[in-house]
Amino acid sequence: MNAIADNLARVHERIRAAAAAAARSPDDIRLLAVSKSRGADAIEMAADTGQHEFGENYLQEAAGKIAALAGNNLTWHFIGPIQSNKTRDIATQFDWVHSVDRFKIARRLSEQRPGGLPPLNICLQVNISAEASKSGVAPDQLEELAKATSDLPQLRLRGLMAIPAPAETCAAQREPFARLRQHFSRLQQAGLALDTLSMGMSDDLEAAILEGSTLVRVGTAIFGPRA
Ligand SMILES: *Cc1c(COP(=O)(O)O)cnc(C)c1O
């Protein structure tokens with residue numbers, strides 16, 4: 001096995017173990033391979049093992065890879081900060097966007113999603129650790145944004161995403177994930193049909209799965225350290 005296949009097997013094992021500890025089915029947790037800064041060759045190696053969902057942060061960098069791998073039937077998730085002059089290309093080239101944090105961006109993505117494609121899947125990014133420097137909608141504005149976004153015709157609101165501030169212990173990592181899950185439940189109770197809780201990365205995927213993550217976004221543990 002090559003290193004990427006090896007690493008992917010290890011990540012799947014971590015997901016299985018965390019799911020077992022949480023008394024959940026591992027089938028309810030999807031793995032998004034975060035391929036920012038990796039070449040199309042690395043993505044293809046992962047795809048050859050059966051990994052089909054990939055996450056990218058920068059439109060310019062992603063576009064070439066998406067084109068090069070067009071025959072591989074992959075699903076592309078945009079997970080980086082969104083500038084409004086990039087929404088047309090994002091709405092055209094991606095299947096999912098996890099980093100929507102304001103209505104202006106949601107409305108542009110809906111307006112610019114090509115009619116021949118299915119609705120664009122959306123997660124709202126929540127600034128769960130209330131960091132001034134981080135993107136994400138403030139929790140007290142989340143419900144209003146979620147309701148407005150769910151009314152847009154070419155979008156399908158699927159759930160929430162967050163990148164908490166780093167924490168050392170599993171208990172400390174779980175705390176912001178638990179809060180995100182509470183927001184998720186609250187929106188479901190308000191009548192929104194959400195099914196995706198996008199939380200957990202290489203260093204905290206176990207904590208995220210214990211708190212109900214349905215999609216972990218993993219880069220380093222699959223592809224190795226970034227340059
Ligand atoms: C880079 C990135 C990841 C993956 O981080 P790793 O620590 O390499 O697993 C996940 N989510 C987002 C939004 C990222 O930008």
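This is a predicted model: local features need pLDDT of at least 70, side-chain atom pairs count only at pLDDT 80 or more; totals for chains, interfaces and linings use all residues.

Residues are numbered from 1 along each chain as its sequence is written, and side-chain values use heavy atoms, with hydrogens and water left out.

**Entry 1, the whole protein.** I found 9 helices and 8 strands, taken as DSSP runs (H or I of at least four residues for helices, E of at least two for strands) numbered from the N terminus. The radius of gyration, taken over C-alpha atoms, is 17 Å, which agrees with the value near 17 Å for a compact globule of 227 residues (the rule is 2.2 Å times the number of residues to the power 0.38). I also wrote down that 49% of the 227 residues are buried (under 20% relative accessible area, with a 1.4 Å probe and protein chains only).

I looked up α6 (residues 139-150) and α7 (residues 170-189), which pack at an angle of about 35° with their axes 11 Å apart; the axes are lines fitted to C-alpha atoms over the stretch in contact, and angles run from 0 to 180 degrees between N-to-C directions. Which residues of α6 meet α7? Pro139, Leu142, Glu143 and Ala146 in α6 meet His183, Arg186 and Leu187 in α7, where contact means heavy atoms within 4.5 Å.

Definitions and conventions:
Buried means under 20% relative accessible area, exposed over 50%, partly exposed in between (1.4 Å probe, protein chains only).
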